[in-house]
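I have a new structure open and want to find my way around it. These are my notes, one topic at a time.

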Amino acid sequence: MCRIQEGQSGDCRARIAIDGELRAVTYGRPCAVHIDPIEKKPLFHVMPGTRILSIATAGCNLHCKHCQNWTISQAGPESVRSLDLPPEGVVSLALAQQCRAVAYTYTDPVIFYEYALDTSALARTKGLLNVTVTAGYINREPLEMLCKVTDASNTDLKAFSDRFYQEVCQGTLKPVLDCLVTMREHGLWVEVTNLVIPTFNDDLDLVRRMCRWILRNLGESTPLHFSRFHPMYKIRNLPPTPVEFLMTARQEALEIGLHYVYVGNVLGTDAENTICPSDGTVLIRRRGFSILENNLVNGRCPKCGHRVAGIWGKNDGA
Ligand code: SF4
């Protein structure tokens, strides 16, 4: 909990005490606005191949030593260039750019909560989906409010270890697990990303425990993305994650019973494809963020008819 003096910001840097009130000074002031393929979030089971308007403001409530967006997540709003883009502007831009969804991402929507909430509510009235890309470090009550206007999330499960969260992120594990369960209870489509960092969390026992927890609490159809680490921010002395470890972790996850397990940040492997868990047909073939083939028919395997969980587009989904 932050104790904030008048004129000072809290730990996340996004709220400042002004005249005895806490103000979200980044409201309507994104420092990052991009149009991404939805695969970049990564979301592999939500409208494949579509464009998503992605926004972020400065600040974060965690301080991960490997943060790839540290130049904005660990910065105050005064030290980054921001645009003036209120919720109406975000929604207009998304529609003008033929985006199907808005993503609250790069840093964490928990930090620009009020802005994300208002923008999401407006976006929904215009037929856009809302996606959070988050570390899931949020209390239940505000999360439930956000869930009411959110369709899908990719949530980091950084390691199935409280020690990792404390030492690497200055956080704890339990709020993240609670967040995942709450999102699922509220019917959000949830995908999970686990970034594997050599010597920190490249432990197959941790991987197995995490996969069993996902299976029990979120279900077998929850996509899990093992992501390859590259040296970044305060962890620059380690090599990228060996691809062999990521492939072994994926195999363990499949054997434990998860149906859709991917390896990210590694180009040109079969581990980017969506495979029918019933008969092994390649349903969606990807390379990086590109869709090479999409064989889904009304959200089902074209050969055996297996219903593939996700939010699919007009041509491939229910
Ligand atoms: S939660 Fe995400 S944005 Fe925040 S510091 Fe960690 S990796 Fe960076």
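**Entry 1: a pair in the sheet.** I started with Pro37, which stands opposite Arg51 in E4. Before going on, I noted that this is a predicted model, where local features need pLDDT of at least 70 and side-chain atom pairs count only at pLDDT 80 or more, while totals for chains, interfaces and linings use all residues. Residues are numbered from 1 along each chain as its sequence is written.

E3 and E4 are antiparallel partners, with six bridges. I count strands as paired if DSSP finds at least two bridges between them. On to E5 (residues 101-104): E4 runs parallel to E5, and four bridges join them. I looked up two of the residue pairs here: Leu53 has Val102 in E5 as its bridge partner, and Ser54 stands opposite Ala103.

How much of E4 is buried? Five of its six residues are, so I put E4 down as mostly covered. Buried means 20 or more other C-beta atoms within 10 Å of the residue's own, exposed means 12 or fewer, and partly exposed is in between, with C-beta atoms placed from the backbone.

Entry 2: Next I followed the strand order, which is E3-E4-E5-E6-E7-E8-E9-E10 in an open sheet of eight strands with mixed pairing. E3 and E10 (261-264) are the edge strands, each pairing on one side only. On average, neighbouring strands are turned by 20 degrees against each other, direction ignored. Helix H8 (residues 243-256) packs on this sheet and touches E8 (189-196), E9 (224-228) and E10, with its direction at about 165 degrees to that of E10. For angles like this, axes are lines fitted to C-alpha atoms, for helices over the stretch in contact, and the angle runs from 0 to 180 degrees between N-to-C directions. Residues are in contact if their C-beta atoms, placed from the backbone, lie within 7 Å.

**Entry 3: a hairpin.** E1 (residues 15-18) and E2 (residues 21-24) pair antiparallel over four bridges. Ile16 has Arg23 in E2 as its bridge partner. Two residues sit between the strands of this hairpin, and Asp19 in the turn has a positive phi of about 50 degrees.

Entry 4: Most residues other than glycine have a negative phi, and most peptide bonds are trans. So what did I find at Gln170? Its phi is near 60 degrees, a positive value in a residue other than glycine. Gln170 lies in the loop between H5 (162-169) and H6, and is partly exposed, with 14 other C-beta atoms within 10 Å. Asn298 also has a positive phi, near 50 degrees, and is found in the segment after E13 (290-294).

The peptide bond between Lys41 and Pro42 is cis, with omega about -10 degrees. Pro42 lies in the loop between E3 (32-37) and E4 (51-56).

**Entry 5: two helices.** How do H4 and H6 pack? H4 (residues 140-147) and H6 (residues 174-185) meet at an angle of about 35 degrees, with axes 10 Å apart. The contact uses Arg140, Leu143, Glu144 and Cys147 of H4, and Asp178, Cys179, Thr182 and Met183 of H6. I sorted these residues into four nonpolar, one polar and three charged. In this sorting, Ala, Val, Leu, Ile, Met, Phe, Trp, Tyr, Cys and Pro are nonpolar, Asp, Glu, Lys and Arg are charged, and the others, Gly among them, are polar.

**Entry 6: the ligand.** Which residues surround the ligand? I listed Cys60, Leu62, His63, Cys64, Cys67, Asn69, Ser73, Thr107, Asp108, Ala135 and Cys169. A residue is near the molecule if its C-beta atom, placed from the backbone, lies within 6 Å of it. The shell has six nonpolar, four polar and one charged residues.

**Entry 7: links along the chain.** Arg208 is in H7 (residues 204-217). Its C-alpha atom is 6.8 Å from that of Glu252, 44 residues apart along the chain. Arg208 touches Glu252 and Ile256, leaving out residues up to four places away in sequence. Val181, in H6, has its C-alpha atom 6.6 Å from that of Asn217, 36 residues apart along the chain.

Conventions. Contact = placed C-beta atoms within 7 Å.
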